[in-house]
Amino acid sequence: MTAKPQPTADLERQLGAFDATMIIVGNIIGMGIFTTTGFIAEVLPHPLLMLSVWIVGGLLTLCGALTYAELGAAIPRAGGEYVYLREAYGPLMGFLNGWTYFLVSNPGSIAVMSVALVAYAQSFVPGISMQSLLISFEVVGWEFKVTSGQFLSIVVVGIFSVINYLGVRSGSWVQNLLTLIKLAAILAFAGLGFILGNGNWSNFHSSSQGHTPSVLLAPWSLAMISVFFSYTGWFTSTYVASEIKDPEKNIPHSIIYGTLIVMVLYTLINGAYIYAIPADRMRGMISVAESAAAVLFGETTSKYVSAAIVVSVLGAINSVILTAPRIYYAMAKDGLFFQAAARVHPVFKTPANSIVLQGFWSAVLVLSGTFGQLLTYTTVAMLAFSVLTGTAVLVLRKTQPSLPRPFHVPGYPWVPVVFIVSYMLILANILFSRPREALAGIGIVFLGIPAYFFWSRKKT
């Protein structure tokens, strides 16, 4: 890692369809599937309806996957949404997307997951916690405190950043391994739970008798919000589009097959949860996976579940570190970000500076402790960008009819419209229920406008 990155190098196509699919699956399956079911049970304590939200959520996500698949095949360049929004609406909209994802969304996600990792790692590394002070120092009158948990979080970010700095293949190999382990763990949990576990099939009997569909619609819609966020990450292979072989075929396949794999796994594991614990007893339960494992296999299995969650979170962290720097690389290539971020390492063929920059900013957010609130603020922005990207398919069909489209959205325009409308409904729900956080998120996006004009003038 002694050679200095030079701007003359370029990204190379080294990833196959399997690698791209594992990026999608590994990014989607993080910690959410092990913890959100308790919240869903709290608002919708009816077993069959609980399963229905995961299936319907998966089908709506599949509509989004089919929509993004057309864009990914037509414009197979690094950057994903940034590139599609730029092509459909102009450079400012693309920049605001990349700005938000750099400033908060991606480093914030890395920080949240690395800190959450500490909670589960405590079972294996005693003494590690976010409260255990490791070092305290003062810089220019400011006192800084670093806990052992923060230190471990930063070490994890550093290790995965180095792995991905050393090559997209090394990052992909690690991603493939971690994703296959988590897939095996989920399949074993669900399969063995149904075959050998001490569950009860009567838990699937619905307790919703007497409730009309209109009464159940509101809680079902609320539960869908958590489901949608548990499916987040289904388009991340588009970020590394410049490094995927035969992208016209492999990008659509990775998005579609990755989404389908996750949908099946989510339905299976939630079925296992219900088989183990009645829906009404699951209300508000955070450690659903550990509790279900204790019922199915005995109390001693909780550590195995914690280990599976650790591997799952590590895979999600690596996926973000692998893919997200390509957004900043694409922005810098357009002259709309730090020019150093556009440099590709001549030996490792990675956007090395972008990876370092993201790792550093993620570490700062870990130390600041503000990442959770910032990520909440940008939820509205992330949903809005997804809606705009879905609409970009319709826009580009009109404005660039001659653009080669190796993959066409089946059921056009209804499939994109279903995706757009479903995300708009979630967006409206959040705007109405959390107006303060929504306004804060919009403010973060608008902060990118002066930054855009700064880089635009510098480019000119």
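The second largest pocket in this predicted model has a volume of about 240 Å³. Fifteen residues line this pocket, and those closest to its centre are Ala 185, Phe 189, Phe 297, Tyr 304 and Val 305. The largest pocket has a volume of about 1,400 Å³.

**Second largest pocket**

- Helix 8 (168-196), helix 10 (247-276), helix 11 (288-297) and helix 12 are the elements that give two or more residues to the lining of the second largest pocket.
- Helix 8 provides the largest share of that lining, with 5 residues.
- By class, the lining of the second largest pocket consists of 14 nonpolar residues and 1 polar residue, with no charged residues.

**Largest pocket**

- The largest pocket, at about 1,400 Å³, is lined by 40 residues, of which Val 112, Phe 229, Ser 230, Thr 232 and Leu 375 are the closest to its centre.
- Eight helices each supply at least two residues of this lining: helix 1 (17-28), helix 2 (32-35), helix 6 (91-121), helix 9 (213-230), helix 12 (302-323), helix 15 (371-377), helix 16 (379-399) and helix 17 (414-433).
- The largest share of the lining of the largest pocket comes from helix 6, which gives 7 residues.
- The class count for the lining of the largest pocket is 20 nonpolar, 19 polar and 1 charged.
- Helix 12 supplies at least two residues to the lining of the largest pocket, and helix 12 also gives two or more to that of the second largest pocket.

- Strand 1 (residues 133-139) pairs with strand 2 (residues 142-147) in the antiparallel sense, over 6 bridges.
- Within this pairing, Phe 137 stands opposite Phe 144 in strand 2.

- Asp 19 counts as buried because its relative accessibility is 8%, under the 20% cut-off.
- The side chains of Arg 405 and Glu 70 also meet in a salt bridge, at 3.3 Å, N to O.
- Arg 405 lies in the loop between helix 16 and helix 17, whereas Glu 70 lies in helix 4 (residues 47-74), so the pair ties together parts that are 335 residues apart in sequence.
- Both Arg 405 and Glu 70 are buried.

- The side chains of Arg 86 and Glu 87 form a salt bridge at 3.1 Å, N to O.
- Arg 86 counts as buried at 19% relative accessibility, since buried means under 20%.
- Glu 87, at 27% relative accessibility, counts as partly exposed.

Technical notes: Residues numbered from 1 in each chain as written. Predicted model: local features only at pLDDT ≥ 70, side-chain atom pairs only at ≥ 80, totals over all residues. Heavy atoms only, no water. 1 Å grid on protein atoms, 1.4 Å probe; cavity = no way out; pocket = protein on both sides within 12 Å on 5 of 7 lines; lining within 4 Å. Points joined across faces, edges and corners; volume = space filled by probe spheres on them. Helix = DSSP H or I, 4+ residues; strand = E, 2+ residues; numbered from the N terminus. Nonpolar A, V, L, I, M, F, W, Y, C, P; charged D, E, K, R; others polar. Pairing = 2+ DSSP bridges. Buried < 20%, exposed > 50% of the residue type's maximum accessible area, 1.4 Å probe, protein only. Salt bridge = Lys/Arg side-chain N within 4 Å of Asp/Glu carboxyl O.
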